[in-house]
Amino acid sequence: MSAPVPHLPPAARRRAIGVLALLVGVALAVGLALLALRENINLFYSPSQVAAGEAPTGRVVRVGGLVEQGSVRRAAEGLDVEFVLTDGAERVTVRYRGILPDLFREGQGIVAQGRIGPDGVLVAEQVLAKHDENYMPPRVAEALREAHERGVRGAAAEGGR
Amino acid sequence: MAWTFLTTRGLDGLAARWAPRLLAVSALLLVAGLYGGLVLAPTDEEQGEAYRIIYVHVPAAWLSLYGYVAMAAFGAVALIWRIRVAEVMMAAAAPVGAAFTALALATGSIWGKPMWGTWWVWDARLTSELILLFLYIGVMALRAAAEDPRAGARAAAILALAGVVNVPIVHFSVEWWNTLHQGPTVTRLAAPAIHPAMLAPLLVMAAAFMVYHAGAVLLRARCLLAREPAAALAEEAA
């Protein structure tokens, strides 16, 4: 039998096989463990999962989604705020008293941590903002928005004709 | 002749020549990258000036993974060929990689407070990066715990290799699970989701960190060789 690695002496070859076996074994073990933990590693439930009853009520959970446009209602006095998280399919109302992170705004990804009451409203103890992976200067962002609006207007004009 | 760096004396000579040069180059790249990132790069639409911590955080995070793979590769060579130089290089790579990991965790935490609203969250990305730091520390501790540095290096190499499985977990954690940490901006198949004027200094910083890593590991290897001359002499005699 011709050796697949010509310059490896038998002892070194045995050790090389040992190293490979170690790598494969650990990868398999960790892979299986992660597969078993699958859902539990997720940081938050989506509104659809909450609607499907997957999130336990009465226990502290995290729900993540986008803040629905026009859903943010602030109390006239104090720090009370109420908004709706959505994933496009389902909605979860969140009630919170406290200071919101800088990135909080309508359309922004948010993770709210708290308890879901019997009325289905999440009373949040903590609200975290998620930010996306895009970085661009304001002028570029503005140009993109304008181009998008022109496109939308163009499509609307096309449709109206 | 070309393989003289495989002897401890060869490695010492190589490190003596190259470590200062690499560290000097990395200092120049660092100045250029920081100037580009902190002065020339435009402000970010969403995060304003605060996003500029990316120029330390992201290269440090990349190097924490790169440094781990390098350390484990030296460990594999040490295990298979029983070469002392590889054991020394593995041991030298551990604290440098650990420092980058700690830097990535610290800058990430500082960035997380204003943007996310929290210093820390136990999501898959942050937790797996913390495990990476513990793996580095474990490799350092295991090697130091043994009476004989060579036996310690072999045990540490096995841990380093077993821990390699965590590297893809750190990288893909943001895709496999939902996390507070966002997805990859640069290291993905699609075009980078960052403006070219912001990307350029980031790549210069990554190059600076990478060259620093090579220089620091070689310098550290020299220290280890100087600190453990007995084993080296025994090897030269054999």
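So, B:M89: in this predicted model, B:M89 touches B:F74, B:V217 and B:A221, leaving out residues up to four places away in sequence. Touching, or contact, is C-beta atoms, placed from the backbone, within 7 Å. Quick housekeeping: local features need pLDDT of at least 70, side-chain atom pairs count only at pLDDT 80 or more, and totals for chains, interfaces and linings use all residues. Residues are numbered from 1 along each chain as its sequence is written, with chains lettered from A and ligands numbered from 1 in the order written.

B:M89 is also among the residues with the most contacts inside the largest nonpolar core, which has 66 residues. By core I mean buried Ala, Val, Leu, Ile, Met, Phe, Trp, Tyr and Cys joined through C-beta atoms within 7 Å, buried being 20 or more other C-beta atoms within 10 Å of a residue's own. Helix 2 of chain B gives the most, 17 residues; helices here are DSSP runs of H or I, at least four residues, numbered from the N terminus. A second, separate core has 27 residues, including A:L85 and A:V127.

Okay, helix packing. How are helix 4 and helix 6 of chain B arranged? They pack at about 160°, axes 8 Å apart, with axes fitted to C-alpha atoms over the stretch in contact and angles running from 0 to 180 degrees between N-to-C directions. That makes them roughly antiparallel, a label for angles over 145 degrees. Among the residues making that contact are B:L132 and B:L135 of helix 4 and B:I169 and B:V170 of helix 6.

Notes
A residue is buried if 20 or more other C-beta atoms lie within 10 Å of its own, exposed if 12 or fewer, and partly exposed in between; C-beta atoms are placed from the backbone. Helices (H or I, at least four residues) and strands (E, at least two) are DSSP runs, numbered from the N terminus. Two residues are in contact if their C-beta atoms, placed from the backbone, lie within 7 Å. Angles under 35 degrees count as roughly parallel, over 145 as roughly antiparallel, 65 to 115 as roughly perpendicular and the rest as oblique.
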